[in-house]
Every structure is written in C-alpha cells, then in structure tokens.
Amino acid sequence: MKDNTAVFNDFARRAKERIEQRKKKITKKLRVAAAGVDITIRALTDQEISECMEFSDDSLVVDKYLIYMSCPELQENAGALVESGVIRQHYEICDMFSGADRRSIAEEIMRLSGVYDEPSVKPIDEVAEAKN
C-alpha cells in the first residue's frame, strides 16, 4: 500500500512541476528582415491555439490570427491601423509580412508553444523491462 502511495505522490509531484513549467510565458525575439521589423512572439496556451484554429476555415487567416495573438507589438499597433481605415480587422496587420515569413513565424510560435516538439512518447517493451 505504501508503494502505491509513494508512486502516486511522485507522479502527482512530477505532474504539478510540468504543469507549472508549461504555464510560464516563453518569449522569443524574431527579426523579419523583409518587413524591416523585430517582433516578440510568445508561446500560446493550448486554449489559445485551439481558439486560433477555430477562428477560420482559411489557413492563411488562421496563421495571421495566430501571429497577432502571439505578438504584443502587432497588438499594440493594429488598433491605430483599424481606426485609420488601413485594415478592417486587427489581425490583418500581419499582411505586412510575406506569405513565407508568416508561415515561418507561425511555425516558430507553434514550436515555442510545444506543438512541434519532438514527442517523448516511446512504447515500453514489457518483456525487456521484466528482465531488468
């Protein structure tokens, strides 16, 4: 009985540490040379990523919204462009980037958010485990 409690407590401790680690806002600076700007992107939560994916059926719009959600500089400046009539939607500020640059930024956001990480899941060979 004590072994099960110890195993559970260890599992719970590891789960808590991992959850707390994933909550930390990871940021990264990117230079977008063609647009002549440096931007900061941040890792998005699973909920934010889900919201972005459900935002539109158009993958180009999804990329723009994803980038907009992740980048404080774009959020800070989009309002003025909407007010002046340059763009209609805040996320359209991402039209300043080429398609290739948007794709690259979106991929970097997904990598930073842990979506494009190399999975750590491996099958367990129970026969080999039993021999050890």
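A residue counts as buried when its relative accessible area is under 20%. Keep that cut-off in mind while touring this predicted model.

**Stop 1: helix α3.** Select residues 59–70, which form helix α3. The helix has 12 residues and reaches 16 Å from its first C-alpha to its last, close to the 16 Å expected at 1.5 Å a residue. Now colour the buried residues of α3: V61, V62, D63, K64, Y65, L66, I67, Y68, M69 and S70. Because 10 of the 12 residues are buried, α3 is largely enclosed by the rest of the structure.

**Stop 2: the cover.** What lies over these buried residues? Show β2 (37–42), α2 (46–55), α4 (72–83) and α5, which are included in the cover of α3.

**Stop 3: helix α4.** Keep α3 and α4 on screen. Their axes are 5 Å apart, and the packing angle is about 100 degrees. Roughly perpendicular means 65 to 115 degrees, so α3 is roughly perpendicular to α4. To see the contact, select I67, Y68, M69 and S70 on α3, then P72, L74, Q75 and A78 on α4. These contact residues divide into 6 nonpolar, 2 polar and no charged.

**Stop 4: helix α5.** Show the side chains in contact: D63, K64, L66, I67 and S70 from α3, with R102, R103, I105, A106, I109 and M110 from α5. By class, this contact has 6 nonpolar, 1 polar and 4 charged residues.

Note on methods:
Residues are numbered from 1 along each chain as its sequence is written. This is a predicted model: local features need pLDDT of at least 70, side-chain atom pairs count only at pLDDT 80 or more; totals for chains, interfaces and linings use all residues. Side-chain values use heavy atoms; hydrogens and water are left out. Axes are lines fitted to C-alpha atoms, for helices over the stretch in contact, and angles run from 0 to 180 degrees between N-to-C directions. Helices (H or I, at least four residues) and strands (E, at least two) are DSSP runs, numbered from the N terminus. Contact means heavy atoms within 4.5 Å. Ala, Val, Leu, Ile, Met, Phe, Trp, Tyr, Cys and Pro count as nonpolar, Asp, Glu, Lys and Arg as charged, and the others, Gly among them, as polar. The expected span of a helix is 1.5 Å times one less than its number of residues. Buried means under 20% relative accessible area, exposed over 50%, partly exposed in between (1.4 Å probe, protein chains only). Angles under 35 degrees count as roughly parallel, over 145 as roughly antiparallel, 65 to 115 as roughly perpendicular and the rest as oblique.
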